[in-house]
Amino acid sequence: MAMEQMIAERGSPGASVAVALEGEIVWSEGFGYADLERGIAVTSETRFGIGSISKSFTMAAVMSLVDDGLLDLDAPVETYLSDFPHAGKGITVRRLAVHQSGLSDRFSTEHRQTTDHFPTIDSAYQNIKNETLESEPGSQTVYATGLYTIIGRVMESVAGLPYLEVMEGRVFEPAGMVGVMPNDPTRKGMKRTQFYVEGEQEGSFELGPPYDPSYKLPGAGFLARAEDMAKFGAALLDAKIVSERARDEMFRTVPLANGEPTEFALGLRLGDFKGSPMIHLPGGGIGISSWLFILSDRDLVVAIVGNVSTAPVGGDAADEIIEAFSQLP
């Protein structure tokens with residue numbers, strides 16, 4: 001078994017996998033340890049950090065708002081946020097979502113290991129909105145996580161609700177994602193894994209440094225079970241959280257303004273698995289390795305998470321699982 005081999009080879013202290021086929025969870029299981037020091041095993045209920053897959057969740061909520069006519073992806077951000085300091089520059093939610101806004105992501109880079117807690121989306125946005133404009137929006141792709149906080153603030157403005165309430169009502173509840181919550185180190189009793197980094201000796205692990213990702217919650221700040229991620233993909237395919245039209249738009253890559261193609265869709269990436277189109281996104285961070293795979297023509301979703309920064313969750317293990325479930329009758 002691919003997952004057991006990954007653990008045995010010390011690729012990760014612990015991991016979890018979930019598979020949805022034709023809209024139903026057909027496999028959900030944990031492997032290895034959530035807490036090496038206390039000998040606590042991973043179960044299917046263990047929450048892992050999911051890093052950038054948070055972006056996929058956020059953009060599903062955005063497209064739900066688009067479905068309801070509350071948000072236009074191509075309207076300037078200042079249409080919704082009067083204090084946005086880059087009015088008239090052509091920065092839109094679509095350009096932010098596919099990393100073409102032209103804004104620096106310096107605040108996020110500098111705060112990667114911060115322990116500062118930002119209690120609201122706005123408290124982080126007030127810092128991030130002042131990023132410098134470094135290129136013409138739409139002219140190039142520069143991956144940026146902290147800028148998704150601007151998208152979160154737009155969501156609050158158009159919905160008239162806090163970001164987490166928007167997410168709960170438009171994505172988590174409809175998809176049955178009962179295990180999703182912010183990666184908040186100030187909160188206790190979360191049934192989450194510890195976060196590990198590689199130790200000095202080969203095959204060893206040690207606890208990663210403490211950090212608080214609240215400043216980038218919409219872009220990389222959630223905890224989830226692998227099963228929540230699989231349910232999310234299944235809900236997208238079944239049009240439970242957004243319309244088929246909105247889902248199809250999420251699954252399309254967005255070219256640069258000059259027409260040059262990119263791999264980025266709305267909170268997702270477009271790839272290929274043995275001739276089949278594959279929507280996917282990796283997530284990383286301190287003690288975080290995660291991957292979401294959506295194969296629409298096979299009605300298959302695979303989610304794999306690990307609790308060390310370098311876990312090989314998107315390699316041979318993923319390929320073996322996708323291949324095995326693709327061949328089921």
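Student: Where is the place of Thr 262 in this model?

Tutor: In this predicted model, Thr 262 sits in the loop between helix H10 (244-250) and strand E9 (269-273).

Student: Is Thr 262 buried or exposed?

Tutor: A residue counts as buried when its relative accessible area is under 20%. Thr 262 has 16% relative accessibility and therefore counts as buried.

Student: Which backbone atoms does the side chain of Thr 262 reach?

Tutor: A polar atom of this side chain lies 2.8 Å from the backbone oxygen of Val 254. The side chain also reaches the backbone nitrogen of Phe 264, at 3.3 Å. Leaving aside residues up to four places away in sequence, Thr 262 touches Gln 100, Thr 141, Thr 253, Val 254, Pro 255 and Leu 256.

Student: How do the axes of H2 and helix H9 cross?

Tutor: The axis of H2 and that of H9 (residues 226-237) come within 12 Å and cross at roughly 35°. The crossing is left-handed.

Student: Which residues meet in H2 and H9?

Tutor: From H2 come Ile 53, Ser 56, Phe 57 and Ala 60, and they meet Met 229, Phe 232 and Leu 236 in H9. The residues of this contact divide into 6 nonpolar, 1 polar and no charged.

Definitions and conventions:
Residues are numbered from 1 along each chain as its sequence is written. This is a predicted model: local features need pLDDT of at least 70, side-chain atom pairs count only at pLDDT 80 or more; totals for chains, interfaces and linings use all residues. Side-chain values use heavy atoms; hydrogens and water are left out. Axes are lines fitted to C-alpha atoms, for helices over the stretch in contact, and angles run from 0 to 180 degrees between N-to-C directions. Helices (H or I, at least four residues) and strands (E, at least two) are DSSP runs, numbered from the N terminus. A crossing is left-handed if the near helix is turned anticlockwise from the far one by less than a right angle, and right-handed if clockwise. Contact means heavy atoms within 4.5 Å. Ala, Val, Leu, Ile, Met, Phe, Trp, Tyr, Cys and Pro count as nonpolar, Asp, Glu, Lys and Arg as charged, and the others, Gly among them, as polar. Buried means under 20% relative accessible area, exposed over 50%, partly exposed in between (1.4 Å probe, protein chains only). A polar contact is a pair of N or O atoms within 3.5 Å; within protein, one must be able to donate a hydrogen and the other to accept it, and residues adjacent in sequence count only if both atoms are side-chain atoms.
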